[in-house]
Amino acid sequence: MSLADKYPQEVKKIMAKYPAEQKRSAVMPLLYLAQREQGFISKPALEDIAQMLEVSSTEVAEIVGFYTLFHDKKGGKYRMQVCTDLPCALRGADKFLEDLCGNLGIRVGETTADGMVTIESVTCLAGCDRAPMFQIQSAGGLEYHENMTVDKTMELIETLRKTSKEVKE
Ligand code: FES
């Protein structure tokens, strides 16, 4: 089912914000809409958006690839995006990421077996002097965590796991 069939009112509202000759500018809100349900942008959704905006699917895929908050693959319920840019690396971000992955038994880009956490490495998140730091992207939005240790992060993950379990029950 196309995005326009699924969310006719929302798509109409988004498209109405842009003049017909600049409709390609609607790409960001349409991608956001496409990602909202499953946490990633599927290939059919990407092609659908390209068709709607009369651009190539490669152009849309490039935008998805450029922004850390858009994803082309299914991930965990929580995407933990650790900044490993140089200023953060100087404050131990690489070691933090390595140890965190070791504790979770996954590699960067992978998701824990329970489908809860995906670990990603990203560039500057504007918290350079408070590394190790990361943001967590979930259906609830974005949350920042700064001056973190692996122990504190594991505790946080346990809390997220417990909360998710309680919500399900
Ligand atoms: S370099 Fe990591 S937040 Fe800026």
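I took helices (H or I, at least four residues) and strands (E, at least two) as DSSP runs, numbered from the N terminus. The model is predicted.

**Entry 1: overall layout**

I started with the elements. I found eight helices and four strands in the protein chain. I then read their order along the sequence, which is α-α-α-α-α-β-α-α-β-β-β-α. Next I looked up the dimensions. The C-alpha trace spans about 50 × 40 × 25 Å along its principal axes. I also checked burial. Of the 169 residues of the chain, 40% count as buried.

I turned to the backbone. Most residues other than glycine have a negative phi, and most peptide bonds are trans. I noted the exceptions below.

Ala126 came up with phi near 65 degrees, a positive value in a residue other than glycine. I located Ala126 in the loop between β2 and β3. Is Ala126 buried or exposed? Ala126 counts as exposed because its relative accessibility is 60%, and the cut-off for exposed is over 50%.

Glu54 also has a positive phi, about 55 degrees, and is not a glycine. I placed Glu54 in the loop between α4 and α5. With a relative accessible area of 63%, Glu54 is exposed.

**Entry 2: a cis peptide**

Which residues does a cis peptide bond join? I found Ala131 and Pro132, with omega about -5 degrees. Pro132 lies in the loop between β2 (117-122) and β3. Ala126 sits in the loop between β2 and β3 too.

**Entry 3: salt bridges**

Side chains of opposite charge can pair when their charged atoms come close. How many salt bridges does a search of the whole structure find? I counted twelve. I followed up some of them.

I went back to Glu54. Its side chain meets that of Lys23 in a salt bridge, 2.9 Å from N to O. Glu54 is in the loop between α4 (43-53) and α5, and Lys23 is in the loop between α2 (8-16) and α3, so the pair ties together parts that are 31 residues apart in sequence. Glu54 is exposed at 63% relative accessible area. Lys23, at 22%, is partly exposed.

Next I took Arg24. Arg24 forms a salt bridge with Glu59, and the closest N and O atoms are 2.8 Å apart. This pair also links distant parts of the chain. Arg24 is in the loop between α2 and α3, Glu59 is in helix α5, and 35 residues separate them. Both partners came out partly exposed when I looked them up: Arg24 has 47% relative accessibility, and Glu59 has 30%.

Glu47 and Lys43 meet through their side chains in a salt bridge of 3.2 Å, N to O. Where do Glu47 and Lys43 lie? I found both in helix α4, four residues apart, about one turn of the helix. Glu47 is partly exposed, with a relative accessible area of 37%. Lys43 counts as exposed, at 60% relative accessibility.

I ended this search on a network. Salt bridges link Asp114, Glu158 and Arg161.

**Entry 4: the largest pocket**

I looked up the volume of the largest pocket, which is about 600 Å³. How many residues line the largest pocket? I got 22, with Gln35, Gly39, Gln137, Ser138 and Ala139 nearest its centre. I asked which elements give two or more residues to this lining, and the list is α3 (27-38), β1, β3 (134-138) and β4 (141-145). Helix α3 gives the most, with five residues. I sorted the lining by class as well. It has six nonpolar, eleven polar and five charged residues.

**Entry 5: a nonpolar surface patch**

Which residues form a nonpolar patch on the surface? I found Met28, Phe66 and Tyr67, with about 320 Å² of accessible area together. Tyr67 lies in the loop between α5 (57-66) and β1 (78-83). Its relative accessibility is 37%, so Tyr67 counts as partly exposed. Tyr67 passes the patch cut-off because that cut-off is over 30% relative accessible area.

Definitions and conventions. Residues are numbered from 1 along each chain as its sequence is written. This is a predicted model: local features need pLDDT of at least 70, side-chain atom pairs count only at pLDDT 80 or more; totals for chains, interfaces and linings use all residues. Side-chain values use heavy atoms; hydrogens and water are left out. Patches are made of residues with over 30% relative accessible area and no salt bridge: like charges are joined within 9 Å, nonpolar side chains (Val, Leu, Ile, Met, Phe, Trp, Tyr) within 5 Å. Accessible areas come from the Shrake-Rupley method with a 1.4 Å probe; for residues, only the protein chains shown count as cover. A salt bridge is a side-chain nitrogen of Lys or Arg within 4 Å of a carboxyl oxygen of Asp or Glu. Buried means under 20% relative accessible area, exposed over 50%, partly exposed in between (1.4 Å probe, protein chains only). On a 1 Å grid over the protein atoms alone, a cavity is a set of points where a 1.4 Å probe fits but cannot get out, and a pocket is an open set with protein on both sides within 12 Å along at least five of seven lines; lining residues have an atom within 4 Å of a point. Grid points are joined across faces, edges and corners, and a volume is the space filled by probe spheres set on the points. Ala, Val, Leu, Ile, Met, Phe, Trp, Tyr, Cys and Pro count as nonpolar, Asp, Glu, Lys and Arg as charged, and the others, Gly among them, as polar.
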